[in-house]
Amino acid sequence: MSVIYTRVALIGLGLIAGSMAHAMRRGHLAGEITGTARSAETRAIAREIALCDRVTDTAAEAVAGADLVVLCVPPGAMGVVMAEIAPHLAPGATVTDVGSVKRDVIAQVGPHIPEGVHFVPGHPLAGTEHSGPRSGFAELFDNRYVLLTPEPGTDAQAIARLRALWEGCGAKVEEMDADHHDLVLAVTSHTPHLIAYTMVGVADDLRRVTDSEVIKYSAAGFRDFTRIAASDPTMWRDVFLTNKDATLEILGRFTEELFALQRAIRRGDGDHLHAYFTRTRAIRRGIIEAGQDTDAPDFGRSKAKREVSGA
Ligand code: NAP
């Protein structure tokens, strides 16, 4: 593969930025990778493990001369970070982000984009429950989707170049309207995370009653919830604060369905339960057929090096 950007600046050096750095190196997609993070501790780790070619102390230094700037901070911090780097951006540069919510991030970042700089928002549908500069790995985006949500009128070449970078990182790229993205992700990621957080919270309350048996005898269903519920608290707080409407819409529907299932259990309506679970099983088959998960028992845990989920 050939170099797509001369200098890529990563702002925020956690799981996603780290994985991008590894994937860009694997594909030889960037001439130079610069990066910076808020804390001196993260910057020191990034230097120690040579996450980027150059780790700078300020965002201004990181973006100087960059033809691509990637905002890799939590969704709620995007606007403040963008305001800080705006005066230092090179003319003709592209700014993108990897935030899990798109409409709110566009509202935060868009107003700070200088004349002559392109803004192409993005979201890789890949992640793990781990965070920080040591958690990234080159394969994270392989065969996973990246959704780009540019506003109408965005420079086509800037979009095509960013698409090529993500494809070089192993991803499949699609374009989508930002509002539609937020609704889809509320169904596929945000509400499921909230449900996992709730279930683990309930189990934690119960643990006190059952003398730790919930943890000791933890079965597959609960264990899967605990993995999801171990995800980064700052990022997920921001996801719910910034994707409020879509999440509340899906939570409302979820609650209605839950009440229907509750009634079926109370009434002993096995037909209802069986028909419902048959329908949901077909969805799982669809995900496997689309190559987005493994059919191996227990998600192939005994073999897999890492679990891959996504926000
Ligand atoms: P992460 O590993 O926790 O790293 C976050 C980075 O942002 C760190 O370098 C942190 O700096 C910095 N940061 C945190 N708060 C900040 C603030 N208020 N101002 C400036 N910098 C700040 O996070 P991540 O998982 O890579 O997530 C980054 C972005 O990717 C988020 O927008 C998230 O929505 C999106 N995303 C995540 C996943 C996932 O599964 N994790 C998947 C897809 C997209 P310090 O280390 O110095 O504190």
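Which residues are linked in a network of salt bridges? They are Arg103, Glu151, Asp177 and Asp179. Keep in mind that this is a predicted model. Here are my notes, point by point.

1. **Overall layout.** The protein chain splits into domain 1, covering 5-176, and domain 2, covering 180-289. On the contact side, 17 residues of domain 1 touch 15 residues of domain 2.

2. **What the domains bury.** Together, domain 1 and domain 2 bury about 1,200 Å² between them, and 67% of that is on carbon and sulfur atoms. Within domain 1, the residues that lose the most area to domain 2 are Val101, Glu129 and Met176, which together account for 41% of what that side buries.

3. **Charged and polar links across the interface.** There is one salt bridge between domain 1 and domain 2. As for polar contacts across this interface, five residue pairs qualify, with both partners at pLDDT 80 or more. Helix H5 (residues 103-109) gives the largest share of the domain 1 side that touches domain 2, namely three residues. By type, the residues on that side of domain 1 come out as seven nonpolar, six polar and four charged.

4. **Arg227 and Glu129.** These two side chains meet in a salt bridge, with N to O at 3.5 Å.

5. **Salt bridges in general.** Side chains of opposite charge can pair when their charged atoms come close. In this model the count is 18 salt bridges.

6. **Asp53 and Arg25.** Here the side chains meet in a salt bridge at 3.2 Å, N to O. Asp53 sits in the loop between helix H2 (40-48) and strand E3 (54-55), while Arg25 belongs to helix H1 (residues 15-27), so the pair ties together parts that are 28 residues apart in sequence. How accessible is Asp53? Its relative accessibility is 44%, so Asp53 counts as partly exposed. Arg25 is partly exposed as well, at 31% relative accessible area.

7. **Arg163 and Glu175.** This salt bridge has its closest N and O atoms 3.9 Å apart. It links distant parts of the chain, with Arg163 in helix H6 (residues 156-168) and Glu175 in strand E9 (residues 172-175), 12 residues apart. Arg163 has 26% relative accessibility and counts as partly exposed; Glu175, at 45%, is likewise partly exposed.

8. **Asp97 and Lys102.** Are these two buried or exposed? Both Asp97 and Lys102 are buried. They form a salt bridge, and the closest N and O atoms are 2.7 Å apart.

9. Most residues other than glycine have a negative phi. His28 is not a glycine, yet has a positive phi of about 50°. You'll find His28 in the loop between H1 and strand E2 (30-36), and His28 is exposed, with a relative accessible area of 54%. Ala50, also not a glycine, has a positive phi of about 50° too. Ala50 lies in the loop between H2 and E3 and is partly exposed at 41% relative accessibility.

Key. Residues are numbered from 1 along each chain as its sequence is written. This is a predicted model: local features need pLDDT of at least 70, side-chain atom pairs count only at pLDDT 80 or more; totals for chains, interfaces and linings use all residues. Side-chain values use heavy atoms; hydrogens and water are left out. A salt bridge is a side-chain nitrogen of Lys or Arg within 4 Å of a carboxyl oxygen of Asp or Glu. Helices (H or I, at least four residues) and strands (E, at least two) are DSSP runs, numbered from the N terminus. Buried means under 20% relative accessible area, exposed over 50%, partly exposed in between (1.4 Å probe, protein chains only). Domain bounds come from an automatic or database domain assignment. Contact means heavy atoms within 4.5 Å. Buried area is the accessible area (1.4 Å probe) that two parts lose on being put together, summed over both. A polar contact is a pair of N or O atoms within 3.5 Å; within protein, one must be able to donate a hydrogen and the other to accept it, and residues adjacent in sequence count only if both atoms are side-chain atoms. Ala, Val, Leu, Ile, Met, Phe, Trp, Tyr, Cys and Pro count as nonpolar, Asp, Glu, Lys and Arg as charged, and the others, Gly among them, as polar.
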